[in-house]
Amino acid sequence: GVADLILLKRKGNCGALLLEAKIKGNYQSDTQKEWQKRIEADGYKYTIFHSLEEFSQIVNEYLALPDE
């Protein structure tokens, strides 16, 4: 259930960025979906990405958020 990658950097109103890698045709398991709900409820950002380009865009946008 735990995300594949975790960036432990507080940005904006998020405590950290958690990233789940999925290739086309793969989907989150029920356990992963439940874990995502819990993580988001605790103030963390959880995102799924499907390519290196998408990963890079997500991380760059997150790091551009203001520090709190």
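In the predicted model, the side chains of Glu20 and Tyr46 are joined by a polar contact of 3.5 Å (a polar contact is a pair of N or O atoms within 3.5 Å; within protein, one must be able to donate a hydrogen and the other to accept it, and residues adjacent in sequence count only if both atoms are side-chain atoms). Glu20 is located in strand β2, strands (E, at least two residues) and helices (H or I, at least four) being DSSP runs numbered from the N terminus. With a relative accessible area of 2%, Glu20 is buried; buried means under 20% relative accessible area, exposed over 50% and partly exposed in between (1.4 Å probe, protein chains only). Beyond residues up to four places away in sequence, Glu20 touches Val2, Ala3, Asp4, Gln32, Tyr46, Thr47, Ile48 and Phe49, contact meaning heavy atoms within 4.5 Å.

This is a predicted model, in which local features need pLDDT of at least 70 and side-chain atom pairs count only at pLDDT 80 or more, while totals for chains, interfaces and linings use all residues. Residues are numbered from 1 along each chain as its sequence is written, and side-chain values use heavy atoms, with hydrogens and water left out.

Gln32, one of the residues touched by Glu20, belongs to helix α1. Gln32 counts as buried because its relative accessibility is 11%. Apart from residues up to four places away in sequence, the residues that Gln32 touches are Gly1, Glu20, Lys22, Tyr27 and Tyr46. A polar atom of the Gln32 side chain lies 2.8 Å from the backbone nitrogen of Ser29. Between Gln32 and Glu54, the separation is 22 residues in sequence and 20 Å in space, C-alpha to C-alpha.

The sheet was examined next. Three strands form an open sheet in the order β1-β2-β3, with mixed pairing; two strands pair if DSSP finds at least two bridges between them. Strands β1 and β3 are the edge strands, each pairing on one side only. From one strand to the next, the twist averages 20°, where axes are lines fitted to C-alpha atoms, for helices over the stretch in contact, and angles run from 0 to 180 degrees between N-to-C directions.

Strand β1 (residues 5-7) and β2 run antiparallel and are joined by three bridges; Leu5 has Leu19 in β2 as its bridge partner. Strands β2 and β3 run parallel and are joined by five bridges. The bridge partners in β3 include Tyr46 for Leu18, Thr47 for Leu19 and Phe49 for Ala21. Strand β2 (residues 17-21) is largely enclosed by the rest of the structure, because four of its five residues are buried. In a regular strand, side chains alternate between the two faces of the sheet.

Helix α2 (residues 52-63) lies across β1, β2 and β3 and runs at about 160° to β3.

A search of the whole structure finds two aromatic pairs. Rings of Phe, Tyr and Trp (its six-membered ring) pair if their centres lie within 6.5 Å; planes under 30 degrees apart count as stacked, over 60 as edge-to-face and the rest as tilted. Trp35 and Tyr46 form an edge-to-face pair, with 6.2 Å from centre to centre and 65° between the planes. This pair links distant parts of the chain, eleven residues apart: Trp35 in helix α1 (residues 30-41) and Tyr46 in strand β3 (residues 45-49). Trp35 counts as partly exposed at 22% relative accessibility, whereas Tyr46 counts as buried at 6%. Phe49 and Phe55 form a tilted pair, 5.1 Å from centre to centre with 55° between the planes. Phe49 counts as buried at 10% relative accessibility, whereas Phe55, at 24%, counts as partly exposed.
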